[in-house]
Amino acid sequence: MRTDPQRKTAAWPLVWVYAILIVYASLYPFDQWRFQGIAPWVYLTAPLPRYWTGFDVLSNVLGYAPFGFLLALALHRTRPEWPAVVMATTAAAVLSLTLESIQMFLPVRVPSNVDAALNMAGALAGATTARALAWAGWMDRWSRFRDRWFVPDSSGALALLAVWPLALLFPAPVTFGLGQVLERLEAFLAHVLEDSAMLEWLPLREIELQPLLPISEILCVAIGLLLPCLLAYGVLRLWRQRIVVAMLSVLIGFLASALSAALTYGPAHTWDWVTSEVWAGLAVAVLGMAALSFCTARVCWVLALAALVWQLSLLNNASADAYFVLTLQTWEQGRFIRFHGLSQWLGWLWPYALLIYLVNRLSSSAPSAPLR
């Protein structure tokens, strides 16, 4: 099967998303910038570090492997005549060396030639894996599968669906309730503008936010499960495929949330987040998935847009409880400090990326494929 250079692929948006997340993880916490009087590239010739841990090695390799894989995959799908493995590894090397050099201006970060080498090795492994899968014919199989299941212009939706489970890995104040950012955004702006005349112009609330009522929490849980389903309903070809994707969404959502709880509190607390409100929200979501599975793509997206705005309004007019504050402290003080920012930003931004996607698709004049 010949690859069409003009064909869109979900790999490209995922490459850019992952690159941005790498930048964030590499430069976190973006604090105390200063010039230390030494060249930014001096770490390249520094002696090898005396102490490293298996976790550091694994995190540096695995951190860049998806970047190499996705970039090689995107190049294979859109520019099959280009040397995908070489270009993906080179791009990863440039990105890693640049970020390690910038770390010289961050006293809390330590640039390392070993880290850079491990990053490149991870990207090479990821790119080689993508090339091996293409050589074995798995990319062509995926293309045929995608053509059977999804409409042609589905790259953006597939990218959002791929990111959704990762966004759930950072514990949310409300299960499946992504995008609750107002309270922390206000605190951040107040800190930045402290002792500044502009603080008086900041529209701060006069009334403290209150936790969600149980009925509102049930609605947020239900909408959080419905959103990826309605997004997928708009790009799937057949009714029975919608049923399969709906069941997979519930399964993946629960597994991702369970993994988040296990990483945060330990395996003994894997399912502590499954409350009566979560069960009620699941019941409402399943009924909605079944009822809406017969709707056209445009109706699904209109309902998804309305539900998303409703959920964001509920979440951002409610406060995070003490349990969630403890969650933040656990993540930010634990060994997952290098990854918490990645999943946190995904959890914050995924709903707003979905909002932009839905508005863009609904404003498009292109007709949606009929459901069969």
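Of the 372 residues of the protein chain, 47% count as buried, where buried means under 20% relative accessible area, exposed over 50% and partly exposed in between, with a 1.4 Å probe and protein chains only. The model is predicted: local features need pLDDT of at least 70, side-chain atom pairs count only at pLDDT 80 or more, and totals for chains, interfaces and linings use all residues. Residues are numbered from 1 along each chain as its sequence is written, and side-chain values use heavy atoms, with hydrogens and water left out.

**Overall fold**

- The secondary structure of the protein chain comes to 13 helices and 0 strands; helices (H or I, at least four residues) and strands (E, at least two) are DSSP runs, numbered from the N terminus.
- In the protein chain, residues 24 or more positions apart account for 85% of the contacts with a separation of 6 or more; contact means heavy atoms within 4.5 Å.

**Nonpolar core**

- The largest nonpolar core has 88 residues, and those with the most contacts inside it are Phe67 and Met289. A nonpolar core is a set of buried Ala, Val, Leu, Ile, Met, Phe, Trp, Tyr and Cys residues joined through side-chain atoms within 4.5 Å.
- Helix 8 gives the largest share of this core, 12 residues.
- Leaving out residues up to four places away in sequence, phenylalanine 67 touches Val15, Tyr18, Ala19, Ile22, Ala88, Ala91, Ala92 and Leu95.

**Helix 8 against helix 10**

- Two packed helices are described by the angle between their axes and the distance between the axes.
- Helix 8 (residues 214–233) and helix 10 (residues 276–292) pack at about 35°, with their axes 8 Å apart. Axes are lines fitted to C-alpha atoms, for helices over the stretch in contact, and angles run from 0 to 180 degrees between N-to-C directions.
- Residues of helix 8 that meet helix 10 include Ile218, Val221 and Leu225, and the helix 10 side includes Val284, Ala285 and Met289.
- The residues of this contact divide into 16 nonpolar, 2 polar and 2 charged. Ala, Val, Leu, Ile, Met, Phe, Trp, Tyr, Cys and Pro count as nonpolar, Asp, Glu, Lys and Arg as charged, and the others, Gly among them, as polar.

**Aromatic pairs**

- A search of the whole structure finds 11 aromatic pairs. Rings of Phe, Tyr and Trp (its six-membered ring) pair if their centres lie within 6.5 Å; planes under 30 degrees apart count as stacked, over 60 as edge-to-face and the rest as tilted.
- Phenylalanine 176 and tryptophan 273 form an edge-to-face pair, 6.1 Å centre to centre with 85° between the planes.
- Phenylalanine 176 lies in the loop between helix 6 (155–167) and helix 7 (182–192) and tryptophan 273 in the loop between helix 9 (239–265) and helix 10, so the pair ties together parts that are 97 residues apart in sequence.
- Phenylalanine 176 counts as buried because its relative accessibility is 4%, and tryptophan 273 counts as buried because its value is 12%.
- The rings of phenylalanine 254 and tryptophan 273 have centres 5.3 Å apart and planes at 50°, so this pair is tilted.
- Phe176, Phe254, Trp271, Trp273 and Trp279 form one aromatic cluster.
- Phenylalanine 176 has a positive phi of about 65° although it is not a glycine.

**Threonine 89**

- Threonine 89 is found in helix 3 (residues 84–102) and is buried, with a relative accessible area of 16%.
- Threonine 89 touches Met120, Ala123, Leu124 and Ala127, not counting residues up to four places away in sequence.
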